[in-house]
Amino acid sequence: MSELFVQAALNTLAQERYQMIYGDAPMEPKLARLLALSDFAERTLARFPEWGAWLLDDTQMQMRDCPDVFDFSAPLIEEKQAWQQLRHYRLKYWLKVMWLDLVAGNEIDDSIRYVSQLSDTLISNAYQWAYLSVEAQSSGSPKDENGSPIPMTVLGMGKLGGKELNFSSDIDLIFAYPRSVDTSDGRRSVEAQVFYTRVAQKLISALNQVTIDGQVFRVDMRLRPFGDSGPLVMSYAAMEDYYQDQGREWERYAMLKARPIGEPSPYWQEFYDLIRPFVYRRYIDFSVIDSLRKMKNMIAQEVRRKGLTNNIKLGAGGIREVEFIVQALQLIRGGRETPLQTPSLLQALEELEALEIVPVEVKNRLHENYLVLRKVEQYLQAFDDKQTQTLPDNNIDCLRLSHLLQCNDYAEVEQMLKVVTQHIRAEFSQVIGEPPEEELDEDDSAVYAWQTGEIAQLGQCRAAPCFDTWQTDLMEFKQGLSKKQAGTRGRDILDKLMPALLRELSKQNMEPALARVLSVINKVASRTAYLELLYENHGALTQLIKLCCHSAWIAEHIAKYPILLDELIDPQTLYKPLPLTAYKNEIQQAFLRIDEQDVELQMEALRQFKQTHQLKVAAADATGVLDIMKVSDHLTALAEAIIAKAVDIAWGHMVARFGAPEGATIEEKGFAVIAYGKAGGYELGYNSDLDLVFVHNRDGESQTQGDKPISSRQFYMKLAQRLMHLFNTKTLSGMLYELDTRLRPEGNSGLLAINLESFYQYQLEQAWTWEHQALVRARMVLGESKMAARFEEIRHAILMQQRDVPKLAEDVRNMREKMRAHLNQDSVSHFDLKQGSGGMTDIEFISQYIVLRYSSQYPALCSYPDNIRILEQAGEVEVIDGDEMKHLISAYCLFRDQYHFNSLNQLGRVVEREAFDQHAQQVVQIWLRVLA
C-alpha cells in the first residue's frame with residue numbers, strides 16, 4: 001500500500017462526501033480533505049453546512065478564542081435552550097479543533113491545550129447557569145460576611161485538570177464548597193449542602209445528558225471522596241477530614257491533577273492549602289513507587305481481561321506509563337521542590353529537567369514520544385468522535401492514520417509506534433521498575449534472624465566479637481516495635497527491609513553498627529515512606545550502614561532528622577560537599593521557590609539546608625575525603641551562608657512592618673554580624689553554637705521610612721531579636737544554631753545591636769581583658785565592605801594597644817584558672833582534651849596572650865583570628881622560638897583531631913592520658929615560660 005494509493009482512496013471519499021453535502025458547488029480542497037478524514041465532520045457539516053464557510057475563514061481559524069456560551073447580562077434562559085446552546089457550541093468548536101488537526105496540521109500540544117480551554121468555558125458557563133437557576137428557584141444562595149454569593153468549587157481532574165484533554169475525552173469532576181452557610185435572600189432558607197447539591201445535579205445534567213444534539217461531555221464523578229457512595233458535594237472541612245483520615249494512595253495521584261475551573265475565586269488558594277499536605281509529603285516519598293506498581297498491574301490485568309490489544313494508552317509503553325513516570329517523580333520530590341506541584345505533565349517534565357532530577361536527553365525523549373502518542377490518540381478520536389485509544393482494525397481508518405502520520409503504509413505506522421513505546425517502556429522500568437529482588441529464598445539466614453530474633457546463623461556472626469551485643473540489640477529493637485504504630489504496610493516493608501539490612505550489616509562486622517542503624521530504623525518505623533525509601537533504594541541502605549559504621553554522630557543526626565535519608569540516594573553528591581564559595585549561592589537558589597511571607601517554611605528551609613550540608617560534610621569527613629581543617633572550613637562557610645540568608649529574611653520582615661532605616665537598602669543595610677570564638681577562628685564543629693555580636697552604622701535617632709516609623713536604634717534591635725528568633729526557635733527540624741550574644745558590650749545587660757563606633761568606645765574604655773582576648777578570635781562575617789574595613793581598623797587599634805604586661809599576664813592566668821576550676825575533667829589516668837592542663841584552651845589562651853602582649857610591636861600578629869596562623873606568625877616574628885611554635889601547633893592539631901573524632905562518635909572529650917601526656921606537658925612548659 002503506497003502513499004499514492006492512500007491519497008487516491010482518500011480523494012475518492014472526499015469527492016463523494018463533498019458532493020453529498022454541497023452538491024455541484026465548486027469543491028473546496030481543504031473542506032473535502034476534512035470530510036474524507038472524519039466521519040464526525042461529515043455528520044456535523046451535513047447538519048450545519050454553513051459552518052463550512054466559517055472553517056474556510058483563516059482569520060477565524062487562527063484565533064484561539066473561547067467566547068462565552070451564554071449572555072449572562074440577558075435574562076436567564078430555560079433549560080432546554082441552555083442545553084441546546086451548550087451542545088451546539090461543543091459541535092462547532094470541536095469541528096474547528098478537527099480542522100486545525102486534520103487540515104491545518106496543528107501541533108498536538110497546542111490542540112490539547114485549546115480543547116482544554118474550550119472545555120473550561122463550557123463547564124464554567126454551564127456552572128454559572130446552573131448556579132443562577134437554582135438561586136432563582138426561590139432559595140437564594142449562601143452569602144459571605146460581605147453579602148457576596150459563595151461559589152461552589154468545581155474541580156477538574158485527570159486530563160481536564162492538567163489541561164491535556166483529547167478530542168473525545170470524558171471529564172472527571174469533584175465538587176466542593178468553602179463554607180457551610182445557609183442560603184439567604186430567598187423565599188425560604190436551605191442548608192448549604194442542599195443548595196450546592198442542586199447546583200451540582202443541574203450542572204451534571206447540562207453536560208452529561210444525551211439529547212437530540214448529543215451530549216457535551218461524559219461526566220465521571222467517581223473520583224470524589226467515598227466514590228459513588230459519597231455525597232455529590234462536600235464542604236472543604238469534610239474533604240480535609242476525609243483526605244487526612246481515609247485518603248488512599250491512588251487518590252494522591254488523582255488530587256495531583258486537581259484544578260479549580262471557572263471564574264477565579266479567593267477560596268481556591270484555601271483549597272490548595274487544604275489538599276497540598278495530602279498530595280505532597282514534606283520528605284522524599286518512595287511509598288508511591290510500590291503503589292504505582294500495583295496500579296499498573298491492575299491496569300495490565302484489566303487490559304488482559306477485556307482483551308484490549310494495540311491500546312496506545314494502557315498498553316506497555318503507552319500514554320499511561322509516561323503519566324506514571326512523571327507523577328511518581330512529582331509525588332516523590334514535590335513536597336520539597338514546589339515547582340513540581342503542577343497538574344500539567346509537560347510543565348512537570350520541564351521542571352524535572354530544571355531541577356536535574358531527569359537528564360535533558362531523557363526529558364526530550366519522553367516529551368517527544370508522549371506527544372507522538374497523544375497525536376495518534378487525537379486522530380483516532382477525531383475520526384468518529386469516539387473515546388478510543390485502540391489502533392484501527394478497519395481499512396479506512398488505517399488509511400487515514402497512515403496519511404496523517406506521513407507514513408507510506410500502515411506497517412510503517414506500526415513500526416514507528418513500536419519504537420516509541422519501547423523507549424517509554426525502558427524509562428518506565430528505570431523509574432518504577434520491579435520490586436527489589438530478595439537476594440535469597442525464604443530460608444535465608446537473614447530472614448530467619450529477623451523473624452526469630454536469633455542471629456546465630458547470620459553469616460559468621462557467632463564467631464564475631466560483636467555477636468552478643470548484636471543479639472541483644474536486635475531483641476530490644478523487636479520488643480520496641482510492639483509499641484510502634486507501623487500499620488500493616490509498614491510491617492510488610494519492615495519484614496522485607498530488615499533481612500536486607502542484617503545481610504548487609506553482617507558484611508561490616510562492626511560492633512556498634514547494628515545499634516546505630518537500628519536507632520535510625522526505630523525512629524522511622526511508623527513512617528512508612530522512609531522504610532519504603534530504604535527498601536526501594538539498596539544504595540541508600542548501604543550508605544546508611546556505611547555512615548553509621550563510621551560515625552555515631554551521623555547516626556544520631558539522621559535519627560533525629562529522618563528527612564536526611566533523602567540525601568543517601570545519590571552517593572555521587574553525598575560525599576562531595578559544595579565548594580567553600582558556593583554555599584551562599586546555593587542557599588539563595590534554594591529560597592527562590594519559597595514564599596517570602598511563609599515564615600514557618602523559611603525557618604524549616606534554613607534548618608534543612610544546614611542539616612543536609614552538614615551531613616555531606618560529615619560523610620566526607622568520616623570517610624577521609626576531608627581533613628579536619630577542611631571540615632571546619634566547610635562548617636564555617638555553611639554557617640556564614642545561613643547567617644547571611646537569615647539576615648535577609650529578618651530584614652524583609654522588619655522592613656515590611658516599619659520600613660527601612662533612612663538611606664538603607666537590601667544591599668546596604670548598615671547592619672553587620674561579628675563572629676567570635678570558633679566561628680570567628682574558622683574552627684566550627686558539628687554541634688558548635690555561634691557567638692555573635694550585631695552592630696550597625698546608622699544614626700540611632702533617625703527614623704525608618706515606613707507607615708509605622710520607629711527609630712533606627714529600635715529597628716536594628718528588633719532586627720537582632722528577629723534573628724535570635726529565627727536561630728533559637730525549636731521547630732520540627734530542631735534549632736538552627738544556638739545563638740549566644742553575651743560577648744556584646746556589657747553582656748546580657750547591653751543593647752542587642754550597637755552602633756559600631758559605640759562598640760569601639762566600649763572596647764577602648766570599658767572592656768575587660770577577657771573581652772580583648774575574645775576580640776583576637778573575632779571577625780566580621782556579614783556586612784558591607786566599608787563596615788568590614790572599619791571593624792578591622794577597630795580590632796587592630798584595640799589589639800595593638802600598649803598594655804601593662806604583668807597585669808595582662810595575671811588577668812589571662814586568672815581567667816584560665818577560673819575556667820579550669822569549673823570545667824576541667826582531668827584525672828590521673830585521663831586527659832581532658834579541651835579544658836585539661838596543657839589542652840586546647842591553654843593553647844588558645846597562649847595565642848591570645850601573645851597577640852595582646854606583642855601586637856603593638858608586631859602588628860602582623862593581629863592579622864588572623866585563628867590559632868594556627870597566629871602561632872605561625874608568632875614564630876615568624878620570634879616572640880616564641882621555632883620549636884615552641886611547632887610543639888604548640890602539633891599539640892593543637894593532635895588534640896583537635898581527637899576531639900573531632902570523639903565528637904563524631906559521641907565519645908566525649910576525655911581520653912586515656914598516655915597517648916597525649918607528652919604533648920600536654922610540652923604545652924604546660926610553654927605556658928609557664930610565656931605567662932610566668
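Reader: How many salt bridges does the structure hold?

Author: The structure holds 44 salt bridges, and please keep in mind from the start that this is a predicted model. The general idea is that a side-chain nitrogen of Lys or Arg must be within 4 Å of a carboxyl oxygen of Asp or Glu. A case to begin with is Asp 566, which forms a salt bridge with Arg 336, and here the closest N and O atoms are 2.8 Å apart. This pair links distant parts of the chain, 230 residues apart, since Asp 566 sits in the loop between helix H25 (552–560) and helix H26 (571–574), while Arg 336 sits in the loop between helix H14 (319–333) and helix H15 (345–354).

Reader: Is Asp 566 buried or exposed, and what does Arg 336 count as?

Author: The general idea is that a residue is called buried under 20% relative accessible area and exposed over 50%, with partly exposed in between. Asp 566 is buried because its relative accessible area is 5%, whereas Arg 336, at 27% relative accessibility, counts as partly exposed.

Reader: Which side chain meets Glu 757 in a salt bridge?

Author: The side chain of Arg 790 meets that of Glu 757, with 2.9 Å from N to O.

Reader: With which residue does Glu 884 form a salt bridge?

Author: Glu 884 forms a salt bridge with Arg 929, and the closest N and O atoms are 2.6 Å apart. The two residues belong to distant parts of the chain, 45 residues apart, with Glu 884 in helix H38 (residues 882–904) and Arg 929 in helix H39 (residues 917–930). Glu 884 counts as buried because its relative accessibility is 10%, while Arg 929, with 45%, counts as partly exposed.

Reader: Which residues do salt bridges that share partners join into one network?

Author: Salt bridges that share partners join Arg 17, Asp 39, Glu 42, Asp 397 and Arg 400 into one network.

Reader: Which residues form a negative surface patch?

Author: The general idea is that such a patch is made of residues with over 30% relative accessible area and no salt bridge. In this structure a negative surface patch is formed by Asp 595, Glu 596, Asp 598 and Glu 600. Asp 598 has its place in the loop between helix H27 (583–591) and helix H28 (599–622), and at 31% relative accessibility Asp 598 counts as partly exposed.

Reader: Where is Lys 645 found, and what is Lys 645 in contact with, leaving aside its neighbours within four places in sequence?

Author: Lys 645 is found in helix H29 (residues 628–658), and with 11% relative accessibility Lys 645 counts as buried. Once its neighbours within four places in sequence are left aside, Lys 645 is in contact with Ile 587, Gln 588, Phe 591 and Leu 606. For Lys 645 and Phe 591, the separation is 54 residues in sequence and 9.0 Å in space, C-alpha to C-alpha.

Reader: Does Ser 124 count as buried or exposed, and where is the place of Ser 124?

Author: Ser 124 has its place in helix H7 (residues 108–139) and counts as buried, at 10% relative accessibility. Leaving aside its neighbours within four places in sequence, Ser 124 is in contact with Gly 262 and Glu 263.

How values were computed
Residues numbered from 1 in each chain as written. Predicted model: local features only at pLDDT ≥ 70, side-chain atom pairs only at ≥ 80, totals over all residues. Heavy atoms only, no water. Patch = residues over 30% accessible without salt bridge, like charges linked within 9 Å, V, L, I, M, F, W, Y side chains within 5 Å. Areas by Shrake-Rupley, 256 points an atom, 1.4 Å probe, with all protein chains shown as cover. Lys, Arg positive; Asp, Glu negative; His and termini not counted. Charge placed at Lys NZ, Arg CZ, Asp CG, Glu CD. Helix = DSSP H or I, 4+ residues; strand = E, 2+ residues; numbered from the N terminus. Buried < 20%, exposed > 50% of the residue type's maximum accessible area, 1.4 Å probe, protein only. Contact = heavy atoms within 4.5 Å.
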